[in-house]
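The following exercises concern the structure shown below. Each task is followed by a worked solution.

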Amino acid sequence: MDKYDVVIVGSGLGGLLCGNILSKEGYSVCILEKNHQIGGCLQTFTRDNCVFDTGIHYLGSLDEGQILNQYFKYFGLMDKLKLKKLDKDAFDIIYFNDNKKEYPYAMGYDHFIETLAQSFPHERQALITYCDKLKEISSSLALYNLKEITSTFIETQYFKENAYDFIQATFKDKRLRNVIAGSNGLYAGVPEKTPLFIHAIVNASFIESAYRLVDGSQQMDDLLSDTIIQNNGIIRTNSKVTRLVCENDKVAYCEINNTERIEAKYFISDIHPELTLDILENDILRKVYRNRVKSLESTISSFALYISLNENSFKYLNHNYYYFSNNSVWYASTYSETEWPESYLLLTPATSKSDIYAESIIVMTYMKYEELKQWENTTVGKRGEDYLKFKKNKAEQLLDKIEIRFPELRKHIKSYYASTPLTYRDYTGTKNGSLYGVLRDSNEPMKSFVSPRTKISNLIFTGQNVILHGVLGVTIGAVLSCAEIVGLNYLIKKIKQV
């Protein structure tokens, strides 16, 4: 039986970052991935010589002196990643079909304010108030600023404040309220639940600076995995953890593919907390804790269209495009099937081949997992003709909606490929294909909060369900997870010293 200091279940970004941190610190690390490819949401795939990202489409706070820049320096990524900065005057564009007008998000707080004030001059002071609140909230999170703290437990009043309510109270103009919330597809915002904290950290990060990864996000997991292996870490694919077995109130070993056993001092789970408990064999955990974890609500999933374009036929867009059929951005996820899709995010991935023309387009829109229920017990490539017909019909519906804003797009298309919540579930291991894991609830912040520390002393959670999703959120979560082993302030000092 093999034995390590740390076994990490899952090789998504959280698992790779934890493996990177701990292998640097001299711990023997083994990462176990059930699929043949590592990376989770970092995975890419290639069709018609086009590289498509599955989950990471743009990054924030990467300028010199900004927080993700500092973290990436520590991880050895910053000077190796191929990056392209988005348009500083409009890294995101919010578009409403009911008035045929575009509203740009500009980089830098002052520029953001002045750009939107051109369309809403009567709301200039409210825009200043809004940006001041984003700064205040991002400053309140110690790990956003690498401040030393005494606990890995994150507690902030902004989990209890509601994003929708704050935006409603800050802005009088209904259109501007929707513009400010227009990128809420980045966190699958729910008006009655989404905490102000989630909205603020996500938006603040991109307003500071916004970048694309050139030629795909796979480069991140390649770099991270290389470092782990150089530090004598082990990464195993096709190794599904089927059981976590406890002895003496701790996880003693894990079982792989129902056969092989591996022992470790610590186990870090980069998979959903509920899925973790499903493979945990013990009587240690109280029923109330198991029930709380199992009752966690997940964010909605998505339908994605991956379009390969005819050569030099469609201009590269150095911004992300958020389309809404009407002036109600918060309710796009509660669509009726007859009106679907009511919104989408469209982007042209950056490549090293051309800055003028796009070689591909990715379009994402909300889709409920329930629409796929009849195929939920199937696997990739084995879902049948009815499923393929379903995808085809949905793709054509989405293309119809896209052509409202981008007329005759179809004539530029070489081919396209569609994915559903089932695709996302099977390739990334997220529960029900959830876009961003657990849905945080401002009404019950503690109930929807997932701490890296579990009720078993040597079992630790990491990934998008801890603290916050996205690259920045998962990075902060990985630091908190590893802090359970090496100490938080020790780790903060190490990151700041790079």
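Helices (H or I, at least four residues) and strands (E, at least two) are DSSP runs, numbered from the N terminus. The model is predicted, so local features need pLDDT of at least 70 and side-chain atom pairs pLDDT 80 or more, while totals for chains, interfaces and linings use all residues. Residues are numbered from 1 along each chain as its sequence is written, and side-chain values use heavy atoms, without hydrogens and water.

**Exercise 1.** Locate Gln464 and determine whether Gln464 is buried or exposed.

*Solution.* Step 1: Gln464 lies in the loop between strand S20 (459-461) and helix H13 (470-486). Step 2: buried means under 20% relative accessible area, exposed over 50%, and partly exposed in between (1.4 Å probe, protein chains only). Step 3: the relative accessible area of Gln464 is 14%, so Gln464 is buried. Step 4: with contact meaning heavy atoms within 4.5 Å, and not counting residues up to four places away in sequence, Gln464 touches residues including Thr430, Tyr436, Arg440 and His469.

**Exercise 2.** State how many helices and strands the protein has, and what share of its residues is buried.

*Solution.* Step 1: the protein has 14 helices and 20 strands. Step 2: of its 498 residues, 63% count as buried.
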